[in-house]
Amino acid sequence: MNHDDLNHWSKRAADWTRDYHATLRERPVRADTTPGKTAAKLPKAPPEHPEPVERIFDDFARIVPEATTHWQHPRFFAYFPANAAPASMLAEQLANSIAAQGMLWQTAPAATEIEQVMIGWLRDALGLPGGFTGTIHDSATTATLSAVLAMREAALGWKGNAEGLSALPRLRLYASDQTHSSVDKAARVAGIGQANLVKIETDDNDALKPGALDRVIAADRAAGHLPAGVILCVGGTSVGAVDPVADAVAVAKKHDLPVHVDAAWAGSAMICPEFRHLWTGIEAADSIVFNPHKWLGAQFDCAVQFLADPTAQLRTLTLKPDYLQTLGQEGVTDFNDWTIPLGRRFRALKLWFVLRAYGLEGLRERLRNHVAWSQALAEHIGAMERFEIVTSPVLSLFSFALVDGDEATEALLRRINDDGRVYLTQTRHRGRFAIRMQVGSFDCTEDDVMEVARVLEDLG
Ligand SMILES: *Cc1c(COP(=O)(O)O)cnc(C)c1O
């Protein structure tokens, strides 16, 4: 296959893409397959000789879609969305065509500078102060790990990277039990340890209690531990828990601790001023992550981290061997210094395309619709016999259950997903099994959302 073939097959791929998206509503949302079924369709070994692209393409069309859970399906209501707006897909094709490594300004000047401009555009669009800079990671997990590593190094006076952690004091991190498991993972991977991620008590709304945070930090200091930082969530993954950012940051600052805010899902909604009350006080945070690859239409991977002052993270992550020196290029940004991997994709291009192709107002309208439709559905389900709302909507996420108990609710969820018209997933709230419902698919309509009510009436 050469570049002329690529041109020919790209057109075929574009046709396939159009047909795939046009027929998504006719497909079951969740993959209709069983473990091992796809692998069994592939030969045991790669071919010794070239195969015609026609055959490769046919196998793709025959094998892949039917064993795929369709994340771009307008009735995908599971987890959180992983939206891919058409403008994002186009930008990714172009980024793939260039296939540059954006580790240094020198290796990708356009990618570096467009990334800087996109960080500024998004910062302003989310209503954050002009002082924030930032970078794009592959995932919120990596952004949070980067923030936690910087917390660790600052707390240790920059000794951890150099000396290892064995002889150093016991570091402590603080977060509520509603924060995402990526925070637990960061504590583990950063060498701080799961046991030193202290889960702070929450109130009736699942929000971290600032008074409890204050007491636990003080007790840790008295016990000789070394507090390193606080991680807050705005829009927790389970039921959308929202920590009181202003009060919690005030407690952290009183103890001289940095704060990282995980708004991976809910951050996108902050392009709408009316939702910003959810993170009042955010301007005092040190680090914030949100995923345009969830709800904003820029497809995976695209996790934006804003930093009030990047110095600590740069001091933690910068490592420049001789072969990465860029002679005579002082004063430029080498984004690999901001992140864990050296290599970086041109992720800013899809942000540039998405923000321009839909405009902030076009994106706001989508998000506002999602929130309104979700609330309408929650009201509808709340009024249905034998159903109960377990957690009310936070933006477009709520959970519900049957009044008949966990077993009945779990059985219903299985029936819903085997049915295939819609796809929902589950969580536990205070021990109770609940069906999680979020609206966020880029192309979904009010009718797609209300299909959930029809499915519940049919199967409930
Ligand atoms: C989805 C999610 C994450 C993890 O995101 P990745 O980009 O997949 O690492 C972290 N925190 C919250 C609140 C999330 O919803």
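1. Helices (H or I, at least four residues) and strands (E, at least two) are DSSP runs, numbered from the N terminus. The note concerns a predicted model, in which local features need pLDDT of at least 70 and side-chain atom pairs count only at pLDDT 80 or more, while totals for chains, interfaces and linings use all residues. Residues are numbered from 1 along each chain as its sequence is written, and side-chain values use heavy atoms, with hydrogens and water left out.

2. Four strands form an open sheet in the order β8-β9-β11-β10, with antiparallel pairing (two strands pair if DSSP finds at least two bridges between them). Because β8 (387-394) and β10 (425-429) stand at the edges with a single partner strand each, one side of each is left without a neighbour in the sheet.

3. Between β10 and the antiparallel strand β11 (residues 432-438) there are five bridges, and T427 stands opposite A434 in β11.

4. Helix α12 (residues 348-383) lies across β8, β9 (397-402) and β11, and runs at about 160 degrees to β8; such angles run from 0 to 180 degrees between N-to-C directions, with axes being lines fitted to C-alpha atoms, for helices over the stretch in contact, where contact means heavy atoms within 4.5 Å. Helix α13 (residues 406-419), in turn, lies across β8, β9, β10 and β11, at about 35 degrees to β11.

5. Turning to the ligand, a polar side-chain atom of D262 lies 2.6 Å from one of its nitrogen atoms, whereas a backbone N or O atom of A140 lies 2.7 Å from an oxygen atom of the ligand.

Conventions. A polar contact is a pair of N or O atoms within 3.5 Å; within protein, one must be able to donate a hydrogen and the other to accept it, and residues adjacent in sequence count only if both atoms are side-chain atoms.
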